[in-house]
Amino acid sequence: MKKILIAYFSIQNHTFKIAQKIGEICRGDVFGIETEVEFPQDFNYLALIAQKQLENQTYPKLRKVLSIEKMKEYDTILLGFPIWWEDLPRAVCTFLKMYDFSGKVIVPFFTHLGSSFGGRSLQTIKDMVPNGKVAEEYVFSVHDEDIDNADYKIGQWLKSVSEKY
Ligand SMILES: Cc1cc2nc3c(=O)[nH]c(=O)nc-3n(C[C@H](O)[C@H](O)[C@H](O)COP(=O)(O)O)c2cc1C
């Protein structure tokens with residue numbers, strides 16, 4: 001039977017809510033990607049730090065890690081994140097850089113405030129996991145305003161993903 005990991009990064013809790021819901025619906029382990037240095041809640045400051053990290057292509061250190069051995073157990077990784085500056089938050093790049101995704105499938109899901117196609121984030125994921133398969137046809141996104149009413153949509157999405165992966 002396939003083993004599923006739901007790995008997510010979330011600072012303002014939107015992606016967290018979706019990840020929790022996914023965890024309730026499908027049998028999978030949920031892992032929060034958290035940085036060693038906490039991000040500020042103040043939006044302007046947060047936006048500035050995120051922008052600098054993106055510009056400098058940094059790999060922020062993570063506070064806790066999933067061991068390489070543990071990652072080997074999973075077949076499918078549902079990877080959740082917010083769109084930041086039309087791209088993937090760099091902390092997610094740190095996470096992706098740690099593992100070999102050969103033979104695994106990454107199914108991205110993201111929250112956003114308008115970038116419903118995810119900007120450059122999917123390309124960034126593909127660049128980060130040259131050995132893994134990114135299931136672009138199953139990418140799932142939710143606008144912040146729809147998060148509290150997304151249960152049905154999440155269920156439908158998981159159903160279609162599970163038919164393939
Ligand atoms: C630093 C920063 C940059 C953002 N850039 C974008 C963007 O380019 N496009 C977009 O649609 N939303 C953008 N947003 C909105 C977030 O994607 C959205 O609020 C998301 O749900 C936040 O996820 P979280 O609550 O899990 O942290 C940005 C938010 C932040 C904090």
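Reader: How do you know that the span of helix α1 is close to what is expected?

Author: In this predicted model, helix α1 runs over residues 14–25 and has 12 residues, and its reach from the first C-alpha to the last is 17 Å, which can be set beside the 16 Å expected at 1.5 Å a residue.

Reader: What makes His14, Thr15, Ile18, Ala19 and Ile22 the buried residues of α1?

Author: A residue is called buried if 20 or more other C-beta atoms lie within 10 Å of its own, and in α1 the residues counted as buried are His14, Thr15, Ile18, Ala19 and Ile22. They lie on the same side of α1, because the arc they cover around the axis is only 130°. An α-helix has 3.6 residues a turn, so residues three or four places apart point the same way.

Reader: Which elements do the buried residues of α1 pack against?

Author: Their partners are the strands β1 (4–8), β2 (29–32), β3 (76–82), β4 (105–112) and β6 (140–143), together with the helix α6 (151–164).

Reader: Why is α2 called hardly covered?

Author: With 20 or more C-beta neighbours within 10 Å as the cut-off for a buried residue, the count of buried residues among the 13 residues of α2 is 1. Its span is 18 Å, close to the 18 Å expected, and just after α2, Gln57 takes a positive phi of about 50°.

Reader: What surrounds the ligand, and which residues are closest?

Author: The ligand is surrounded by 22 residues, of which Ser10, Gln12, Thr15, Pro82 and Thr111 are the closest. At least two residues of this shell come from each of α1, α2 and β4, and the shell divides into 10 nonpolar, 10 polar and 2 charged residues.

Note on methods: Residues numbered from 1 in each chain as written. Predicted model: local features only at pLDDT ≥ 70, side-chain atom pairs only at ≥ 80, totals over all residues. Helix = DSSP H or I, 4+ residues; strand = E, 2+ residues; numbered from the N terminus. Expected span 1.5 Å × (residues − 1). Buried ≥ 20, exposed ≤ 12 C-beta atoms within 10 Å, placed from the backbone. Arc of directions from axis to C-beta. Contact = placed C-beta atoms within 7 Å. Near = placed C-beta within 6 Å. Nonpolar A, V, L, I, M, F, W, Y, C, P; charged D, E, K, R; others polar.
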